[in-house]
There are 2 protein chains.
Amino acid sequence: MKQKITPNFDKLGGLLPAIVQDIATGAVLMLAFMNKEAWDLTLSTREAHYFSRSRQTIWHKGATSGHVQRVKEIFLDCDADTVLLRVEQVGGAACHEGYASCFFRRFEEEGWQVVGRLQATFHGVDTEDDFWERLDCAGSEADEETRS
Amino acid sequence: MKQKITPNFDKLGGLLPAIVQDIATGAVLMLAFMNKEAWDLTLSTREAHYFSRSRQTIWHKGATSGHVQRVKEIFLDCDADTVLLRVEQVGGAACHEGYASCFFRRFEEEGWQVVGRLQATFHGVDTEDDFWERLDCAGSEADEETRS
């Protein structure tokens, strides 16, 4: 029997956190947020759509660069307020900085160590899409104070 | 060279999303939130501490039941506003419902299919800790409308 449950967009003011995992490697790639429209677009196209908090618009990841995320499986958590997307990451790099995963820094006592490897398939093409993804990733709020 | 970066707690009003992944299986277990105090406690004890949004207090996961999460690795994402914890999940079940992962429901066209397996090591003991974890997981906001 299938459960008829609607994801709960209310806990974060209309946004549903989406954890993105590479279905081939199991690596956690990124965290993004979906509004209801992004959720519906993801289901209908089977390519990941998010809501860009910096731009306040729908963000079809990789739309211009071609580095889309093909959604193979979607899971919902116990309290229906977070989804897990298992995706095929076209181009091999989910992160705008060219790493497979946005989580490329590991905590060590003395600071954060970059452990991610740059993907050979990432060309750093500065398309409009890359520009916007950089904005979404770096974020207007991630100012220099956090990187001191 | 290590990077001196402080996680950014400001984007979600003092809360930092923490994705939790089983270091042995690669399974994504849950999403939780940390305030600065929970972050500091996680670093000092190497057991996962979160901020309970329903209780508005620090939540040392598994403190009473013994089903703690031993934090083996921590990663920070590109814009420093999300962390990934790779943990050893004591007891085998991260979810209060007895599943290894809170993401035990997979999307299918007709509805959500339960695909997670109940863990033999989960006894469903109704300790005070389990009670609170159930509250955190089910959440006061996850009312019947979302489960129609």
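Across the interface of chain A and chain B, 27 residue pairs are in polar contact, both residues having pLDDT 80 or more; a polar contact is a pair of N or O atoms within 3.5 Å, where within protein one must be able to donate a hydrogen and the other to accept it, and residues adjacent in sequence count only if both atoms are side-chain atoms. The model is predicted, so local features need pLDDT of at least 70 and side-chain atom pairs count only at pLDDT 80 or more, whereas totals for chains, interfaces and linings use all residues. Residues are numbered from 1 along each chain as its sequence is written, chains are lettered from A in the order in which they are written, and side-chain values use heavy atoms, with hydrogens and water left out.

The side of chain A that touches chain B draws at least two residues from each of β1 (16–22), β2 (28–34), α1 (36–45), β5 (69–76), β6 (83–89), β7 (105–108), β8 (111–114) and α2 (128–138). These elements are DSSP runs numbered from the N terminus, helices being H or I of at least four residues and strands E of at least two. By class, this side has 30 nonpolar, twelve polar and 18 charged residues; Ala, Val, Leu, Ile, Met, Phe, Trp, Tyr, Cys and Pro count as nonpolar, Asp, Glu, Lys and Arg as charged, and the others, Gly among them, as polar.

Each chain gives 60 residues to the contact, defined as heavy atoms within 4.5 Å. The two chains bury about 5200 Å² between them, 57% of it on carbon and sulfur atoms; this is the accessible area (1.4 Å probe) that two parts lose on being put together, summed over both. A:Cys78, A:Phe103 and A:Trp112 supply 16% of the area that chain A buries against chain B, more than any other three residues.

β5 of chain A pairs in the antiparallel sense with β7 (residues 105–108) of chain B over two bridges, pairing being assigned if DSSP finds at least two bridges between the strands. Within this pairing, A:Phe75 has B:Arg106 as its bridge partner.

Eight salt bridges cross the interface, each a side-chain nitrogen of Lys or Arg within 4 Å of a carboxyl oxygen of Asp or Glu. One salt bridge joins the side chains of A:Arg106 and B:Glu73 (3.8 Å, N to O).

Over all chains the structure holds 22 salt bridges. In one of them, the closest N and O atoms of A:Lys11 and A:Asp81 are 2.8 Å apart. A:Lys11 lies in the segment before β1 of chain A and A:Asp81 in the loop between β5 and β6, so the pair ties together parts that are 70 residues apart in sequence.
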